[in-house]
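Thanks for coming, everyone. Let me put the model up, and then we'll walk through it.

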Amino acid sequence: MCEEASPPNQIDPYGVAHQLPGHRGASWTGNWDHGPARIICDMNPALRTEGRRSRRLFFLDEATALAAGFRPCFQCRYAYAKAFIARVDGVARTASLDRMIHAALGDLRLQTPDLPAGTFIDLDGSPCVVRPDGQVAEWTFGGYREPLPMPDRYHVITPEPQLEALRNGYLVQIHESALTDRRH
């Protein structure tokens with residue numbers, strides 16, 4: 001008898017799904033089974049209102065989910081969803097936001113410094129998050145590696161609508177491993 005492979009459950013900052021056991025150090029869950037909407041849900045089952053047909057996905061942190069093209073859920077993360085949509089200029093409804101996000105997926109853009117914390121960049125094929133101190137930390141499924149100085153040239157992974165929300169003050173959750181300097 002042939003065993004059926006489990007569906008992918010872990011999402012990387014590029015939006016690629018991977019099959020890994022458990023959910024490792026994931027801080028958030030979500031799904032992409034709601035039409036074009038890719039939503040970030042709370043891990044607390046009492047708050048999460050996903051339907052039974054939803055396939056649960058896991059993210060290391062909210063910054064990873066935003067980079068992958070997801071947005072806060074209006075059911076279990078209502079206040080965050082309202083704050084997020086209010087920080088994307090010209091968007092008043094989630095349907096138009098979801099279309100904007102979908103259109104921006106995979107559009108890696110060459111950028112210069114001054115990116116807000118929580119933005120993901122591609123550094124020689126490795127996803128790295130921008131820390132609040134302006135350094136970057138390389139992403140892994142289990143957490144971030146040691147901080148590095150911000151490079152001079154790189155590509156931005158975070159889609160433009162999410163980047164705009166971050167630039168306009170959306171406070172994104174970043175995994176604690178990115179915020180510590182373990183070199184000492």
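Is Ala 178 buried or exposed? Buried, because its relative accessibility is 0%. The cut-off for buried is under 20%. Keep in mind that this is a predicted model.

So where does Ala 178 sit? Look in the segment after helix 4, which spans 160-167. Now its surroundings. Set aside the neighbours within four places in sequence, and Ala 178 is in contact with Val 129, Arg 131, Ala 137 and Tyr 144.

Strand 9 covers residues 126-130, and strand 10 covers residues 136-140. They run antiparallel, joined by 3 bridges.

Carry on to strand 11, residues 143-148. Strand 10 pairs with strand 11 as well, again antiparallel, through 4 bridges. Here Ala 137 has Pro 147 as its bridge partner in strand 11. This is also a hairpin, and 2 residues connect strand 10 to strand 11. Remember Ala 137: that residue is one of the contacts of Ala 178.

Step back to the loop between strand 8, at 120-123, and strand 9. Asp 124 is in that loop. Most residues other than glycine have a negative phi. Asp 124 counts as exposed, because its relative accessibility is 77%. For exposed, the cut-off is over 50%.

Now helix 4. It is mostly covered, with 6 of its 8 residues buried. Those are Pro 161, Gln 162, Leu 163, Glu 164, Ala 165 and Leu 166. What do they pack against? Three helices come up: helix 1 at 62-67, helix 2 at 78-86, and helix 3. Two strands are there as well, strand 7 at 109-111 and strand 12 at 154-156. Just after helix 4, Gly 169 takes a positive phi of about 100°.

On to cavities. How many of 30 Å³ or more does the structure hold? The count is 1. The largest cavity has about 30 Å³ of space. Its lining is Pro 36, Ala 37, Arg 38, Gly 69, Asp 98, Ile 101, His 102 and Leu 105. Two or more lining residues come from strand 4, at 37-42, and from helix 3, at 94-104. Helix 3 gives the most, with 3 residues. By type, the lining splits into 4 nonpolar, 2 polar and 2 charged.

Last, the whole chain. It has 4 helices and 12 strands. Of its 184 residues, 48% count as buried. Take contacts between residues at least 6 apart in sequence: 63% join residues at least 24 apart. The accessible surface comes to about 9300 Å², and 53% of that belongs to carbon and sulfur atoms.

That's the tour. Over to you.

Notes:
Residues are numbered from 1 along each chain as its sequence is written. This is a predicted model: local features need pLDDT of at least 70, side-chain atom pairs count only at pLDDT 80 or more; totals for chains, interfaces and linings use all residues. Side-chain values use heavy atoms; hydrogens and water are left out. On a 1 Å grid over the protein atoms alone, a cavity is a set of points where a 1.4 Å probe fits but cannot get out, and a pocket is an open set with protein on both sides within 12 Å along at least five of seven lines; lining residues have an atom within 4 Å of a point. Grid points are joined across faces, edges and corners, and a volume is the space filled by probe spheres set on the points. Ala, Val, Leu, Ile, Met, Phe, Trp, Tyr, Cys and Pro count as nonpolar, Asp, Glu, Lys and Arg as charged, and the others, Gly among them, as polar. Two strands pair if DSSP finds at least two bridges between them. Buried means under 20% relative accessible area, exposed over 50%, partly exposed in between (1.4 Å probe, protein chains only). Contact means heavy atoms within 4.5 Å. Accessible areas come from the Shrake-Rupley method with a 1.4 Å probe; for residues, only the protein chains shown count as cover.
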